Amino acid sequence: MRATGQLRLFPELTALVDVPQDPQWHPEGNVWVHTLHVCDQAARISRRDGLEDAERHLLLLAALCHDFGKPSTTVFQNDRWRAPGHPQAGVPIAEQFLNRIGAPAEITQQILPLVAEHLAHAQPRLNAASIRRLLARLRPASLPQLIRLIEADLSGRPPLPPGLSPELRAFADRAGEVFAEGSSQVTAPAVAPPLILGRHLIALGHTPGIWFRQVLNACHEAQLRGDFADEAGGLAYLQKILATNSQIGVESD
């Protein structure tokens, strides 16, 4: 697609080209090169695990979208290239891309939390409570889906060796234990999917940025409290947040 000029039809992909990364952690090169390797690894993992078509499609699209937040967050800081907050910044961009290519809503709803949490294993303190919160944020995606995406991400950095690192194995084992503990208890009520999404902010003329996640989380919490029950009510609540916090997103826009 890049060679034929077709990549320009997808600005979310075009933006990845030539975005630098710290060579210590990413010896393979820039974000575009890394994304290609991660997609290759996602395909390998799909074959290895014998995934059905729907699960394979989901993993490959999550791999393609996982670093969409890096172009807007990458900075040269303390003699290193960094991209602080890029998982959250990538969520509205991934949503925009998936909507453009016509991905089914149920696929999009699973991919977005995977993009947001693909660095969850890197958090310094992962006790049982924080893992339970992670599992809740992942819904409707699952822990196995997240582990596969993280493995693909870490494996897409040649010449560094592919596969699960000891740290990731420990994370996966601990998260699996917490999940099993929760499953043995009374089943928690299903969490309603959010009515207000990144596309609503984009429709209001806002540029995707890290602050999107803060606003969307606030809307979802209000929805779960019962402050609104439909999209119209959610849009009214969203407008209220934006009006109350008039400076929010100014730097991102």
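Predicted model: local features only at pLDDT ≥ 70, side-chain atom pairs only at ≥ 80, totals over all residues.
The classes run as follows: buried is under 20% relative accessible area, exposed is over 50%, and partly exposed lies in between, with a 1.4 Å probe and protein chains only. D49 and R48 form a salt bridge whose closest N and O atoms are 2.8 Å apart. Here a salt bridge means a side-chain nitrogen of Lys or Arg within 4 Å of a carboxyl oxygen of Asp or Glu.

R48 also forms a salt bridge with E151, the closest N and O atoms being 2.8 Å apart. This pair links distant parts of the chain, with E151 in helix α8 and R48 in helix α2 (residues 31-48), 103 residues apart. E151 is buried, its relative accessible area being 4%.

In another salt bridge, E117 meets R137 with the closest N and O atoms 2.7 Å apart. E117 sits in the loop between α6 (105-116) and α7 (128-138), while R137 belongs to helix α7, 20 residues away, and the pair links distant parts of the chain. E117 is buried at 9% relative accessible area, whereas R137 is partly exposed at 39%.

Salt bridges that share partners join R44, R48, D49, R148 and E151 into one network. The structure holds 11 salt bridges.

## The second largest pocket

Of its 25 lining residues, W25, H26, H86, L119 and R157 are the closest to the centre. On a 1 Å grid over the protein atoms alone, a pocket is an open set of points where a 1.4 Å probe fits, with protein on both sides within 12 Å along at least five of seven lines; lining residues have an atom within 4 Å of a point.

β2 (80-82) and α8 (143-155) each supply at least two lining residues, and β2 gives the largest share, three residues. Helices (H or I, at least four residues) and strands (E, at least two) are DSSP runs numbered from the N terminus. The lining divides into nine nonpolar, eight polar and eight charged residues.

## How to read the values

Residues are numbered from 1 along each chain as its sequence is written. Local features need pLDDT of at least 70 and side-chain atom pairs count only at pLDDT 80 or more, while totals for chains, interfaces and linings use all residues; side-chain values use heavy atoms, leaving out hydrogens and water.

Terms used: Nonpolar A, V, L, I, M, F, W, Y, C, P; charged D, E, K, R; others polar.
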